[in-house]
Amino acid sequence: MKKKKRLTSTAKYRLTKSKIFFFAVCTLSAITMVPLFLILWELVKKGYKQFNLNLFTEVAPTSMEAMLARISDSPIPGGILNGITGTLLILAIAIIIAIPVGIMVGVYLAENPKKRMAGFVRSLSDLLQGIPSIVIGVVVYIWIVIPMSGYSALAGSIALAIMMLPMIIRSTEESIKMLPTSLKEAGLALGGSYTTVVLRVLLPSAFSGLFTGSLLAISRVMGETAPLLVTALGASTVNWDATNPTSAISLLIWEFYNDPNLANLVWSSSLLLLLFVLGINLFAKSIAKKWKIQ
Amino acid sequence: MKDKIFKAILFIAACLIILLTAGVIYGLVSKSLGAFSEFGLGFITSTEWDSRNDVYGALPFIAGTMMTSILALLFCIPFSLSVALFNGEYFRNKKVSTIVSSIVDLLAGIPSIVYGLWGFYTLRPILIDMGVSDQGFGILLSSIVLAIMIIPYASSLSAEFIAMVPNDLKEGAYSLGATNLEVITSINLPVAGSGIFASYVLAFGRALGETMAVTMLIGNTNNIPTSISDTGNSMASIIANQFGEASGVKLSSLMAIGLLLFLITACINFVAKYIMKMVNK
């Protein structure tokens, strides 16, 4: 019997098709990585001229100063000191709020995995994680900015803390769950109370997970602009008072972007922000890797 | 006694999360009542956004958000699926895949505002040169940038699901003479299908809420976009743009948009989490 072989069913055709697909996958994957380098290159190329010591020691210039500098064709004076200090202040308060609460909730979830309450809290934490950052900003505006009758660093910190919480809860829960049960049992058998076992055995053993989780959470909220826009607002001077409006690096970038006179400063400040964020990110991942191997 | 106090503290911390969520919902609902009592449910379907007459409607922004996010999702699929197959199937547990996945993950670390700048100064001129529109702003520009932003979320999760496909299934197919591609299309993708779907739903949820990049690129006009080169405004971007100067009914309307955005993203995330729960069972 003679069977007509169709082209599409020959082994050669199928293998070629498979190979072409493989190359397509590799090419598309390679293309996906390109934007990271394009963005880095763009920031370095346009930002290095303004990336100097002044960036760290002087506050942002006014639109007028920048215009004068532009007319005389000299580099724009000033830096983003008010943004750097603001970011540090806002982040510090956010960390103080989010990390203890997040760790406690994480411990609760890991210790009571089957309780209905734990399941409920876990889904709510997922829900919180999904809320768009601008909506969190609006909520903090409603609860903090309106009652305090003014924008403040504290409001910004609370917004960032709410964004960090779900990530810290998740990483605490997962890293405690990964610990062997025998560890906890050994602690209890030695006569340690429940409190001692959690504080002296479980949390220190899970430290690497907690630490990297918190670092990743920090790096994620560090570049946030939208929630700060409606909570911390921004300020033109260095401010260490948490109840006053405060600037942040990301807020300054937004200001520079909106003011044609200051547009040149946008690149150096973005470069600094990106270096901060990616640096923390890479650092967290590298120690995660190191500690996992041991 | 000490233990009881400690346990109570943990319990209270967990209650804080419930309180926080309740506070988010209560705050948004109570502040948007003003807009809803003024315009009724017609607020959602009205296309008007008129500050002078104090008449507001959310439809143009819902449309803008949906158009940008859906387009972004479409743009992101070929790339993130490739990355997922690269890391989860072709080069699973190889060194090159850890490099690729960490570089793609770094994309998720770039702040939204930096994406916005890059889109504004680098991509926009390209779109203008291509003759998409005069100014370059619009749905297309924002969806391209959004697509890049959500690729890492979609690809890392779906790579995990693709890597979870049992080896014996794949080996069975190989032993029957299937090629690499045939194994992927007839084993990997069907088996990991719902997981991959869930990761795209999650990525879609991310795209819905992105604020700064979209605000900088979408063009900020309060109309329903009619084509992909048209300008518009998304729910997040109208809030970011007009929140500072708003008061009274307008402020309440912006908060109502915030509430709608919250509800939409919550539903999307719930669907994704539900699918993933079913997959893991």
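In the predicted model, helix α7 (residues 167–175) of chain B packs against helix α8 (residues 180–209) of chain B at an angle of about 155 degrees. The two axes lie 10 Å apart. Angles over 145 degrees count as roughly antiparallel, so α7(B) is roughly antiparallel to α8(B). The crossing of α7(B) with α8(B) is right-handed. From α7(B), the contact draws on Leu169(B), Lys170(B), Ala173(B) and Tyr174(B). From α8(B), Glu182(B), Val183(B), Ser186(B), Ile187(B) and Val191(B) take part. By class, the residues of this contact are six nonpolar, one polar and two charged.

The elements of chain B follow the order α-α-β-β-α-α-α-α-α-α-α-α-α from the N terminus. Its C-alpha atoms fill a box of roughly 70 × 70 × 30 Å along the principal axes. Chain B has 281 residues, of which 51% count as buried. Among contacts in chain B with a separation of 6 or more, 73% join residues 24 or more positions apart.

Chain B also meets chain A. The interface involves 64 residues of chain B and 62 residues of chain A. Helix α1 (residues 2–39) of chain B supplies 18 residues, the largest share of the side of chain B that touches chain A. That side of chain B comprises 43 nonpolar, 16 polar and five charged residues.

One helix pair spans the two chains. Helix α5 (residues 116–130) of chain A packs with helix α11 (residues 248–280) of chain B at an angle of about 130 degrees. Their axes are 9 Å apart. α5(A) passes α11(B) in a right-handed crossing. On the chain A side, Asp126(A), Leu127(A) and Gly130(A) of α5(A) are in contact. Their partners in α11(B) are Thr265(B), Ala266(B), Asn269(B) and Lys273(B). The contact of α5(A) with α11(B) has two nonpolar, three polar and two charged residues.

Positive phi angles mark two loop residues. Most residues other than glycine have a negative phi. Leu233(A), not a glycine, has a positive phi of about 70 degrees. Leu233(A) sits in the loop between α11 and α12 of chain A. Leu233(A) counts as buried because 21 C-beta neighbours lie inside 10 Å. In chain B, Asn220(B) has a positive phi of about 55 degrees and is likewise not a glycine. Asn220(B) is placed in the loop between α9 (212–217) and α10 (235–242) of chain B. With 19 other C-beta atoms within 10 Å, Asn220(B) is partly exposed. The cut-off for a buried residue is 20 or more.

The loop that holds Leu233(A) also contains Val238(A), between α11 (226–229) and α12 (249–258) of chain A. Val238(A) has 15 C-beta neighbours inside 10 Å and so counts as partly exposed. Beyond residues up to four places away in sequence, Val238(A) touches Val59(A), Leu81(A), Asn82(A) and Thr85(A). Val238(A) and Glu65(A) are 173 residues apart along the chain, and their C-alpha atoms are separated by 18 Å.

Technical notes:
Residues are numbered from 1 along each chain as its sequence is written. Chains are lettered from A and ligands numbered from 1 in the order in which they are written. This is a predicted model: local features need pLDDT of at least 70, side-chain atom pairs count only at pLDDT 80 or more; totals for chains, interfaces and linings use all residues. Two residues are in contact if their C-beta atoms, placed from the backbone, lie within 7 Å. Helices (H or I, at least four residues) and strands (E, at least two) are DSSP runs, numbered from the N terminus. Ala, Val, Leu, Ile, Met, Phe, Trp, Tyr, Cys and Pro count as nonpolar, Asp, Glu, Lys and Arg as charged, and the others, Gly among them, as polar. A residue is buried if 20 or more other C-beta atoms lie within 10 Å of its own, exposed if 12 or fewer, and partly exposed in between; C-beta atoms are placed from the backbone. Axes are lines fitted to C-alpha atoms, for helices over the stretch in contact, and angles run from 0 to 180 degrees between N-to-C directions. Angles under 35 degrees count as roughly parallel, over 145 as roughly antiparallel, 65 to 115 as roughly perpendicular and the rest as oblique. A crossing is left-handed if the near helix is turned anticlockwise from the far one by less than a right angle, and right-handed if clockwise.
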